[in-house]
Amino acid sequence: MASAGESPEIQQLLELLAVVASFDDEDAAVHAAAERAAQAMEAEVAAVVLDGEVAAAVGFPDGAVPRADLLSVARRERDWIEVPGLDKCRALVASWTGVRPGTLVIARWGDEPYTVEERHLVRGMARLLELSLTMLRALHTEQRLRRRADEQAVENARLLEELRGQQHLLVQLSLIQRAISRREPLEQILGTVTAAARDLIGDEIVGLWIADPQEPGRARLRASVGLDANDLPSMPLDEAGAAGAAMRRGELVVIYGEHDAPARVRDSADTRLYAAMAAPVHQDGRVVGGLLVASCRPGRRYAGREQDTLYSFAQNVSLALTDAHTFERMNRAAHDTLTGLAGRGLFMDELTAELGRAGCAALLFIDLDRVKPVNDTLGHPAGDELLRQAADRIGALIRPDDLAGRVGGDEFAVLLRDVTDQRMATDIAARIVRELARPMRVLGHPVQIGASVGVATAAADAPRLMDAPAAQDLLRRADIAMYQAKRNGRGRFEIYSPEMADGFTKVRLHG
Amino acid sequence: MQPRNVHPGQSFDGRRWMGVGRADCADGRQAAAEATRAACNDREPKLLLVFSAITHDPETVVAGLQEAAPGVPAVGCTTHGELGPGGPTDGTVTVAALGGPGFSVAFAVEEHASGRQRESGAAVARCLDQVEPLAHRVLLLLTDGMIRDQESILRGVYGVAGAAVPLFGGACADGWRMTGGYLIADGRVLTDAVVGVALSSEAPLSVAVRHGWHKVGDPMIVTDSGDGRVYMLDDAPALDTYLDRLDAPPEAYTQADALVEFALSRPLGVQRRSGVEARNMSTEIDLEGRSIGGGGAIDIGGLIWAMEGDEASILRATDAACDEALARLGGENPVGLLTFSCAALRAVLGDQGIRREGAHIEQRAGHTPFAGFYTYGEIARVRGIDGFHNQTLAVLALG
């Protein structure tokens, strides 16, 4: 201990180390080091030069630091410095090289020269300062790198999360698209959409409202998850919550805050929702419904991404509805509006499909007799009513799988599927003749008509009558057979035979 | 050396003068007015320095100063005893008045100094710009004794004033009540403040500071410290190491008053290039944490000593400080002295001892008026960058 007392230099170095180590800001550390060095040397002036610039200076009045002079001393161009009011002070200098070279400058007023121990001390302090600054810089760099790495990791995690979400959404959407293009039943598609919305957005409740076509301002819940919606009647839009609002406004609507559910919530006595959002659904460009998700969780908030997801889903529902509607319109055009039977186009399509499928079908071609006099005496409404009743009677006589169609003004056709025995076809033909001969009552008047029926069967190896598709061919054969029935006295059926074709002078082309 | 003046308290050319007045009436206003009039002696002062016992309401003292010398800058504080001709007192208002064309004075006040010590020091130092640029300058500083880390105030001052301006001053006291003293400046009573008075003069001004403590035994290494406290000395709890080194009585280890009494006369010594600095460790007792306070920062790895002193060594220091200050006037006859002694010295000297201290000062001063007080810390900087002291006598001699 006595030796330590004799060399205060060690003590001063240790104290300087303690001082510099207590800062993690380089500027503050350098300034504190300058002060400490001055104190240790009982000097009036101390300065630290870093990278050729005065980084800290103690002992000069504010704003009067003689930077040029200090740099000159640091470069060892001179060993004194002028301090205002004190004349020249002897300077002592110690430098270090390396990444950031620097110099410690001490200047003390008075005549005493610096001792060897003091020179050692200043050199020691300079070295210590260099090491401390290097460590500080390394620490800062490491902190900066670590911070950047952490930020990058957070960003990566966020991107990954987003990608996963996108992928999930795409998978769900492609399932829906596939269902739409496969012409799955509409209700099934809507069910798939609501289930997928629940899966992706995560709320307990999903509902699809569709506007009531008969009553504007009202909507019915067509598909849902989490709601007891069986046989729910249509309701005014104001009562349809966020979905109703979305339909009225034609834009995405978000509702926060406690409000009533528009239907009973399944598996819960609760009817209160805490958050709901809905997007409008379109058909042929018009708003026809609203797709809703809702939560019974207080504090639920919908992120921008979730709103975008709901919007995508609503668009898919719009696509599905528009497509189904088109299909519906096609169907409606394919049916005869008067009788409700298949129209000619549809009938031929079905016939073609059936022949392509099985190959053993029978065709009955039915021409009504004595319809014109009814039209003439009772008018066309009566004629229409007559056709309707005839169609009903025909429809009642065929099997569910068979198809009846109206193919001309007074002409009907019946496709009998899977006919292995010709007698099946002729039995039905006979019954049709009998039924249509029964009196009808049309607009209050008793009426009696009849029918002539031609029967033709299709067989894969049957010779074709003409160079035409099988369906056309079959229809013509049945037609020829019908004509034969007319020639044989009407009110009867005839089965096609090739000889009939020879007797024809006039070929009525159907097609 | 006996300085001689034709007129005590006045320079030979009559351009500078200092007078000291004292009054001990119970009413602060009256005491202040009387002391001022006695100090001025019908002359127009440029500056009043007032040292008032804590028993006087400082507001009344301010009123008395303004009554006796309206419009004259008056700066001062409360004390733990006032110094002046006739001996140390405990109930007076002692006023030193300075005047004459050879002096120029400017002052500055900075409040809310705690927490911004360095800034406050830098701010008050700017009053140096406002005095006439006469040949010699000194910056007088008075601080609130309750402010911690006063060394930082001085660093702030040094950063603005620079190495060419000596510093002199003290921390105000409160009669050892330890509840808070007061500063007087600008017609106001202040706390948590720093007051600076820039004084420039045609004649030399010199500052000296001495203490009478000597090291006891081997030094101890600071192995853990922080925030102005020393926690471990030689890897053991600091308080116990210090008490062990001095063979302290058992009650000092456990009882606060016993420890304070023991420590008052046994400061810590911190090695500096030109000697050992004394640090008062009797304030802020920490019996539980076993740490000791060292005033300014004592860094890890530093060496400190236990120190002892007695009346003889203290009085030798008294003489030496006065002599040095007077000698540094370079042959000029002194116009006046300001003498700031440490309140903690009274514990060693006792009431009799301080009278002897006063007598020594008076003897050194000769006919030169002097005034001062017992402070909670002395400020004196001539060399280096440090300036805050404990347990010393600081003297400013005005030529």
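**Entry 1**

I looked up B:R356 and found it partly exposed, at 39% relative accessibility. For this term I use 20% to 50% relative accessible area, with buried under 20% and exposed over 50% (1.4 Å probe, protein chains only). The model is predicted, so I kept to its thresholds: local features need pLDDT of at least 70, side-chain atom pairs count only at pLDDT 80 or more, and totals for chains, interfaces and linings use all residues. Residues are numbered from 1 along each chain as its sequence is written, chains are lettered from A and ligands numbered from 1 in the order in which they are written, and side-chain values use heavy atoms, without hydrogens and water.

Which side chain does B:R356 meet in a salt bridge? The partner is B:E311, at 2.5 Å, N to O. I count a salt bridge when a side-chain nitrogen of Lys or Arg lies within 4 Å of a carboxyl oxygen of Asp or Glu. The pair links distant parts of the chain. B:E311 sits in helix α8 (residues 311-327) and B:R356 in helix α9 (residues 345-365), 45 residues apart. Helices here are DSSP runs (H or I, at least four residues), and strands are too (E, at least two), numbered from the N terminus. B:E311 is also partly exposed, at 22%.

**Entry 2: B:E202 and B:R15**

I then checked B:E202. Its side chain meets that of B:R15 in a salt bridge of 2.6 Å, N to O. B:E202 lies in the loop between β11 (194-201) and β12 (205-210), and B:R15 in the segment before β1 (17-23), so the bridge ties together parts 187 residues apart in sequence. I noted B:E202 as partly exposed at 30%. B:R15 is partly exposed at 33%.

**Entry 3: B:R116 and B:E110**

Is B:E110 buried or exposed? I found B:E110 buried, at 18% relative accessibility. Its salt-bridge partner B:R116 is partly exposed, at 23%. The two side chains meet at 2.6 Å, N to O.

**Entry 4: Totals and confidence**

I found 51 salt bridges over all chains. I also looked at chain B for pLDDT, the predictor's confidence in each residue, from 0 to 100. The chain B average is 90, and 97% of the residues score at least 70. Residues 1-5 of chain B stay under 50. For that stretch the model has 11 contacts (heavy atoms within 4.5 Å) beyond four places in sequence. Where pLDDT is low, the predicted coordinates should not be read in detail. For the complex, I noted an ipTM of 0.80 and a pTM of 0.63 from the predictor.
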